[in-house]
Amino acid sequence: MIVPAGRINKLFGTEGGVMLSLYPAFPEDFTTDTPLRVTIDALEVPLWCERFERRGQSGATATFADFDTERRAQELVGLEFRIELNGEEDDDEFYLEDLIGFAVVAEEAGASSGGAETAAETGPRVSGKFEGTLTDYYDSDANPLFELEIGGRQVLVPAVEEFIARIDFEGRTMHLVLPEGLIDLDR
């Protein structure tokens, strides 16, 4: 799997060195045996590191084969690079933002089965269940949120493990069990 891994920010030194900003997806165990990939003139170009040195958690310096002068390295400044990750070790890992676009069935815990009279107010609702789409994810250490579109309106719900009953990655669906009344809070 090829993922965005960082950006080439600026020149570093006089022999084609560059400063890199590393995205969280950049592997901790990166070795120079793996090329970084950039797009130049609509072509994917592998960049083979001759030197790579981490600078903190999200930075690094590097020099690349065939980009050994300041002038050549200047062509790379501003480009985002990608890297191929081995999917074997992280098969079960996913990010909550990967769920954007999934169909959602949200059920209220303890809700009565007689929810048909409120369907016009809150959107598609069958027996205490709401159907919609996960349209966005707001990442925050204090309060991560899912934005759901249910019946034409946007609803924010906490993105916590306790509310996620089931995720079907192949079917791109997610089932949530929410506290009763949570979906109606912002009305």
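Student: Which residues do ring pairs link into a cluster?

Tutor: This is a predicted model, and by the rule used for rings the count comes to six aromatic pairs. One of these pairs is formed by Phe26 and Phe52, which are stacked at 5.7 Å centre to centre with 20° between the planes. This pair links distant parts of the chain, since Phe26 is in the loop between S2 and S3 while Phe52 is in strand S5, 26 residues apart. The cluster that ring pairs link consists of Phe26, Phe30, Phe52 and Phe81.

Student: Is Phe26 buried or exposed?

Tutor: Leaving aside its neighbours within four places in sequence, Phe26 is in contact with Ala5, Leu36, Phe52, Arg54, Phe81 and Ile83. Its relative accessibility is 4%, and a residue counts as buried under 20%, so the term that applies to Phe26 is buried.

Student: Which members of the largest nonpolar core touch the most other members?

Tutor: In soluble globular proteins, nonpolar side chains tend to be buried together. A second, separate core of 19 residues includes Leu99, Phe130, Val157 and Leu182. Of the 21 residues in the largest core, the ones that touch the most other members are Ile8, Leu20, Phe26, Leu36, Phe52, Phe64 and Phe81.

Student: Which residue in S4 is the bridge partner of Leu36?

Tutor: Strand S3 is joined by five bridges to strand S4, residues 43–47, and the two run antiparallel. They form a hairpin with two residues between them, and Asp41 in the turn has a positive phi of about 50°. Within this pairing, the partner of Leu36 in S4 is Leu47.

Student: In the hairpin of S5 and S6, which residue in the turn has a positive phi?

Tutor: S5 and S6 run antiparallel and are joined by five bridges, with Cys49 having Phe64 as its bridge partner in S6. Four residues lie between the two strands of this hairpin, and the turn residue with a positive phi, of about 80°, is Gly56.

Student: How far apart are the closest N and O atoms in the salt bridge of Arg37 with Glu84?

Tutor: Side chains of opposite charge can pair when their charged atoms come close. Arg37 lies in strand S3 and Glu84 in strand S7, so this pair ties together parts that are 47 residues apart in sequence. Glu84 is partly exposed, with a relative accessible area of 42%. For the salt bridge between Arg37 and Glu84, the separation of the closest N and O atoms is 3.2 Å.

Student: Which residues do salt bridges that share partners join into one network?

Tutor: A search of the whole structure finds five salt bridges, including one in which the side chains of Glu44 and Arg82 meet at 3.7 Å, N to O. That pair links distant parts of the chain, Glu44 in strand S4 and Arg82 in strand S7, 38 residues apart. Glu44 is partly exposed at 44%, whereas Arg82 counts as buried at 17% relative accessibility. The residues joined into one network are Arg37, Glu44, Arg82 and Glu84.

Student: What is the separation of the C-alpha atoms of Pro179 and Glu108?

Tutor: Pro179 is found in strand S14, residues 173–179, and counts as partly exposed at 35% relative accessibility. Leaving aside neighbours within four places in sequence, Pro179 is in contact with Glu108 and Phe163. Although Pro179 and Glu108 are 71 residues apart along the chain, their C-alpha atoms are separated by 5.5 Å.

Student: What share of the residues of the chain count as buried?

Tutor: The chain has two helices and 14 strands, and its accessible surface comes to about 11,100 Å², of which 49% belongs to carbon and sulfur atoms. Of the 187 residues of the chain, the share that count as buried is 34%.

Definitions and conventions:
Residues are numbered from 1 along each chain as its sequence is written. This is a predicted model: local features need pLDDT of at least 70, side-chain atom pairs count only at pLDDT 80 or more; totals for chains, interfaces and linings use all residues. Side-chain values use heavy atoms; hydrogens and water are left out. A nonpolar core is a set of buried Ala, Val, Leu, Ile, Met, Phe, Trp, Tyr and Cys residues joined through side-chain atoms within 4.5 Å. Buried means under 20% relative accessible area, exposed over 50%, partly exposed in between (1.4 Å probe, protein chains only). Contact means heavy atoms within 4.5 Å. Two strands pair if DSSP finds at least two bridges between them. Accessible areas come from the Shrake-Rupley method with a 1.4 Å probe; for residues, only the protein chains shown count as cover. A salt bridge is a side-chain nitrogen of Lys or Arg within 4 Å of a carboxyl oxygen of Asp or Glu. Rings of Phe, Tyr and Trp (its six-membered ring) pair if their centres lie within 6.5 Å; planes under 30 degrees apart count as stacked, over 60 as edge-to-face and the rest as tilted.
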